[in-house]
Amino acid sequence: MINIVPYKTQDELYDAVAHLFVEIVQKNKTNIAVPTGNTPTLLYARLIKNSTINWSTINIFMLDCYYPQDPRDPESFYMYIQNNLLRHISLPEKNFHILESNTKDPAHECKQYEEAIRNAGGLDMAILGLGVNGHIAFNEPGTSSNSLTHVAKLQNQKFTYGLTVGIKTITTAKKIVVLATGKNKAEAVKNAIHGAVNESCPASFLQDHPDTTFFLDEYASSLL
Ligand code: PGA
C-alpha cells in the first residue's frame, strides 16, 4: 500500500523528509539506503545542517553505481555522496557502504553487498529517487521483483552498465520513501501508484510493500 503526500513547495517536501529521517535514526542503530541524483541533493543539504543527528549509529548503504568506473571520477556516485553528504558529517568510515564501481569481480561484489546489508540487520529505510521510466535505483523496466544486488544493463544513461541493489533488496526494507519532483516525473508517479504491478514499471512493485510513502511536489503529483 502506497501513501501519497503531495506538497505545494519543494521546501515543504524536503523539510518533511528530513524530519522523517531524523525521527527514524533516533533508534540505537539504523541502516538506511540512500540515492544519488538531482532529487535528493536538497535532502542532503538539510541533513548536513542538522546537528541533532548522531551519525555514529547510522549505517549508510548507497543504492547503486555506474560500472565499471573509477570511484574518483568526478561524475561517480562515490564523489556525489562525498560532496553532498560525507565530507560535511562525521559518519565513521565503517558505517559507509557502497558497491565497488571498479571491482574485477562484480558478481562477488554484489553477493558481498547483500551479505553486508543482511549482517548489519537489514534495511530500516530505503530512500529512492524515481526514473522517468519508472526505475528505482538501477532496476530498469524488465527487472524481476525477485532481483537481489546485480549488474544492471542501463537505459538512457551515459554508462551501459551499473551495479545496483535489486527490487527484492529494496522491498525488504521496513520503510520505503520515494522522492519525486517536477512534471517529467508525473507519468512515472502515476504508473507506479495506479498502474499494473509488473516489470514494465519497476516502482509499481512498491504497491505490494506494507510501508511505502511517495513524497511529491505539485508537479510530480499532477496526474494522480
Ligand atoms: P534524478 O534521478 O533524481 O536525477 O531525477 C532519479 C533517477 O533516475 O533515479
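Predicted model: local features only at pLDDT ≥ 70, side-chain atom pairs only at ≥ 80, totals over all residues.

Residues are numbered from 1 along each chain as its sequence is written, and side-chain values use heavy atoms, with hydrogens and water left out.

Let me begin with the sheet. Seven strands form an open sheet with parallel pairing, in the order β1-β10-β9-β6-β2-β3-β5; strands here are DSSP E runs of at least two residues, helices are H or I runs of at least four, and both are numbered from the N terminus, while two strands count as paired if DSSP finds at least two bridges between them. Because β1 (2–7) and β5 each have a single partner strand, they stand at the edges, and one side of each is left without a neighbour in the sheet.

Now to β9, residues 175–180. Strand β6 (residues 125–128) runs parallel to β9 and is joined to it by four bridges, with A126 partnered by I176. With β10 (residues 212–217), β9 pairs in the parallel sense over five bridges; there V177 has T213 as its bridge partner, and V178 stands opposite F214. From β9 the chain crosses through helix α6 (residues 186–194) to β10, and this β-α-β crossover is right-handed, in the sense that, with the strands pointing away from the viewer, the path from the first strand over the helix to the second runs clockwise.

How covered is β9? Six of its six residues are buried, where buried means under 20% relative accessible area, exposed over 50% and partly exposed in between, using a 1.4 Å probe and protein chains only. K175, V177 and L179 point one way, while I176, V178 and A180 point the other way. In a regular strand, side chains alternate between the two faces of the sheet.

Within β9, L179 has a relative accessible area of 1% and is therefore buried. Its contacts (heavy atoms within 4.5 Å), leaving aside neighbours within four places in sequence, include V17, T39, L43, I127 and F215. T39 is 140 residues from L179 in sequence, yet their C-alpha atoms lie 6.8 Å apart.

Turning to the helices, α1 (residues 10–24) has 15 residues that should span 21 Å at 1.5 Å a residue, and this agrees with its end C-alpha atoms, which are 21 Å apart; the expected span is 1.5 Å times one less than the number of residues. Among the buried residues of α1 are L13, V17 and F21. In α3 (residues 77–84), six of eight residues are buried, namely F77, Y78, M79, Y80, I81 and Q82, and what covers them includes β2, α2, β3, β4 and β5.

Finally, the largest pocket holds about 790 Å³ of space. It is lined by 34 residues, of which T36, G37, N38, H135 and Q157 lie nearest its centre, and α3 gives the most to the lining, with four residues.

Terms used: 1 Å grid on protein atoms, 1.4 Å probe; cavity = no way out; pocket = protein on both sides within 12 Å on 5 of 7 lines; lining within 4 Å. Points joined across faces, edges and corners; volume = space filled by probe spheres on them.
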